[in-house]
Amino acid sequence: MKKTLVDLFESSVRQYPNNTFLLEKVGKAFQPTTYTQVKEQVYRLGAGLQALGVKKGDTMALLSEGRNMWVIGELAMFYAGAVNVPLSIKLEESNDLLFRLIHGDVKYIMVSGTQLKKVRLIKDQLPAVEKIIILDAQESYEEGEMFVEDVMKLGDVFLANHTHEEFMAVANSI
């Protein structure tokens, strides 16, 4: 019987719905997020990715410091059927980062606000990239960029217009 990360996550949510899954420091205190709360965000983002056109087998990249949205973003990629090209924030944009994004045939990039400058410096050399999803609100967005919350809003519409089974079809086919 197959066991994927999606299967493991779904099972964990059923088993521990109100337990803390993630902690993130906000100000001086760590704020807990339960398995159920994470699942809701993962579904919203995963559905938003599907609404954007992410298809099973598409490659995405995630360039961010460790944070809740990093975990949520990677899980959402799996729900959309995407493959994550792992990236370190220590990569230099003009060399290793560019190489990985080109050779990974990356179509979508999720990036934190602090790493956005690196992506903006090389995006003209990334013709395969269709959308850059930014995890932190920006004062302005360049062409091809979107705030993650706007992707989640697309996901809300997608989930309202599709059955749970339709949304889960891609994730269950992995």
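Predicted model: local features only at pLDDT ≥ 70, side-chain atom pairs only at ≥ 80, totals over all residues.
Local features were taken at pLDDT of at least 70 and side-chain atom pairs at pLDDT 80 or more, while totals for chains, interfaces and linings use all residues. Residues are numbered from 1 along each chain as its sequence is written, and side-chain values use heavy atoms, with hydrogens and water left out.

The protein chain contains seven helices and seven strands. Both are DSSP runs, numbered from the N terminus: helices are H or I with at least four residues, and strands are E with at least two. Along the sequence the order is α-β-β-α-β-α-β-α-β-α-β-β-α-α.

The C-alpha atoms occupy a box of roughly 45 × 40 × 30 Å along the principal axes. The radius of gyration is 16 Å, in agreement with the value near 16 Å for a compact globule of 174 residues. That radius is taken over C-alpha atoms, and the globule rule is 2.2 Å times the number of residues to the power 0.38.

Of the 174 residues, 44% are buried. Buried means under 20% relative accessible area, exposed means over 50%, and partly exposed lies in between (1.4 Å probe, protein chains only). Residues 24 or more positions apart account for 61% of them.

In soluble globular proteins, nonpolar side chains tend to be buried together. A nonpolar core is here a set of buried Ala, Val, Leu, Ile, Met, Phe, Trp, Tyr and Cys residues joined through side-chain atoms within 4.5 Å. The largest such core has 35 residues, and Leu45, Leu49, Met60, Tyr79 and Met110 touch the most other members. Two or more residues each come from α1 (5–15), α2 (35–52), β3 (59–63), α3 (68–79), β5 (106–111), α6 (148–161) and α7 (164–172). Beyond its neighbours within four places in sequence, Leu45 contacts Met69, Ile72, Gly73, Ala76, Met110, Val148, Val151 and Met152. Apart from this core lies another, of 18 residues, including Val106, Leu116, Val119 and Leu126.

Val170 belongs to helix α7. Val170 is partly exposed, at 21% relative accessible area. Residues up to four places away in sequence aside, Val170 touches Gln50, Lys56, Tyr79, Ala80 and Gly81. Val170 and Gln50 are 120 residues apart in sequence, yet their C-alpha atoms are 9.3 Å apart.

Asn95 sits in helix α4 (residues 93–103). Asn95 is partly exposed, with 45% relative accessibility. Its C-alpha atom is 9.8 Å from that of Ile122, 27 residues apart along the chain. Asp105 occupies the loop between α4 and β5. Asp105 is not a glycine, but has a positive phi of about 50 degrees. Asp105 is partly exposed, at 45% relative accessible area.

Asn161 is part of helix α6. Asn161 is exposed, at 57% relative accessible area.

How values were computed:
Contact = heavy atoms within 4.5 Å.
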